[in-house]
Amino acid sequence: MIEHLTRRLEFFSDVLQLRAHRQQVLASNIANADTPGFVARDFDFKQALGNVQARGSELRAGAMPVLGGSDARHLRTSGALNDVANRHRVQYSVQTQPSLDRNSVDMDQQRANFMHNAIQYESTLRFINGHVRTMLSAIQGQ
Amino acid sequence: MSMFTIFSVSGSAISAQAQRLNAVASNLANADAVAGPDGQAFRARQVVFQTVPMGNNPASAGVRVQNIIESDAPNRRVFNPQHPSADGEGYVTHSNVNPVEEMVNMISASRSYQNNVEVLNTTRTLLQRTLQMGQ
């Protein structure tokens, strides 16, 4: 029963982690805007969320071992495997204006993506807050 | 929480850009310097950036100044026989700093610096909101 209450929260938790991950990727791109030879990275959010969801349900269904790792001494829990960075791969973004130093960061695009992702992160937070409030009023029954 | 790595990533970028600004400042300050008694005039210095992996996330990449190179452009030579530093032919050797290049470099570094500060501010706001989650 309690699972019904938290299932949606788990979905939002995945979304939030993925947004935080994308924020990090975009911050790295902005930080390396002047580094020669740096290739900008990004990922398709929808596809990544699909991957994360698929892996998450596999984990929950017990199809995957809870403790992963190639060595018995590796301390890897299901939480570690749940980490979004382990569940999908970043790709390289398309170069729009080639530069002489082979740097492919398009600053305008990166900044727009960064702001967009920040807004999406914040809206996900609001969804979670609303959900928590709904659950609280359901529990209190008032 | 993977967002904390952003602070070190953007922090490294800010410090690298500050170093670039520092190089620009020293180049501009020495733009009109002439060769000393040893005949060696000031040479413009440029920083070289390099990507370094940061944190345990393979997708996060910081910046560091890998090397500081000296420009090998020819020195500016001005005919001025009255100058105390003039050589046998009456030429004074100046530094090889190109002020236009340096100004462009300065504006570029300053914009990149601002971008990274903005990234830090946005991240701080997001993390503060995250701390208030469920309240």
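**Briefing: chains A and B in a predicted model**

R102(A) is exposed, because 11 other C-beta atoms lie within 10 Å, and the cut-off for exposed is 12 or fewer. This is a predicted model. Its chain A has a mean pLDDT of 80. The contact between the chains takes 28 residues from chain A and 29 residues from chain B. The largest nonpolar core has 35 residues.

**R102(A)**
- R102(A) sits in the loop between β2 (91-92) and α5 (107-140) of chain A.
- Its phi is positive, about 60 degrees, although R102(A) is not a glycine.
- Most residues other than glycine have a negative phi.

**Confidence in chain A**
- In chain A, 75% of the residues reach a pLDDT of 70 or more.
- Among the elements of chain A, α5(A) has the highest mean pLDDT, 92.
- Helix α3 (residues 78-81) of chain A has the lowest, 46.
- The pLDDT is below 50 over residues 77-81 of chain A.
- That stretch has 9 contacts in the model beyond near neighbours in sequence.

**Contact between the chains**
- Chain A brings 28 residues to the contact, and chain B brings 29 residues.
- On the side of chain A that touches chain B, α1 (2-31) and α5 of chain A each supply at least two residues.
- α5(A) gives the largest share of that side, 10 residues.
- By class, the side of chain A that touches chain B holds 17 nonpolar, 7 polar and 4 charged residues.

**Largest nonpolar core**
- Of the 35 residues in this core, those touching the most other members are A27(A), I30(A), A31(A), V9(B) and A13(B).
- From chain A, α1, α2 (45-61) and α5 each give two or more residues to the core.
- α1(A) gives the most, with 9 residues.
- A13(B) touches A31(A), G62(B), V63(B) and N116(B), leaving aside residues up to four places away in sequence.
- In soluble globular proteins, nonpolar side chains tend to be buried together.

**Helix α2 of chain B**
- Helix α2 (residues 99-131) of chain B has 33 residues.
- From its first C-alpha to its last it reaches 48 Å, close to the 48 Å expected at 1.5 Å a residue.
- The buried residues of α2(B) are N105(B), A109(B), S112(B), N115(B), N116(B), V119(B), T122(B), T123(B) and L126(B).
- An α-helix has 3.6 residues a turn, so residues three or four places apart point the same way.
- One of these buried residues, N116(B), is touched by A13(B).

Conventions: Residues numbered from 1 in each chain as written. Chains lettered and ligands numbered in written order. Helix = DSSP H or I, 4+ residues; strand = E, 2+ residues; numbered from the N terminus. Buried ≥ 20, exposed ≤ 12 C-beta atoms within 10 Å, placed from the backbone. Contact = placed C-beta atoms within 7 Å. Nonpolar A, V, L, I, M, F, W, Y, C, P; charged D, E, K, R; others polar. pLDDT = per-residue confidence, 0-100. Expected span 1.5 Å × (residues − 1). Core = buried A, V, L, I, M, F, W, Y, C linked by C-beta atoms within 7 Å.
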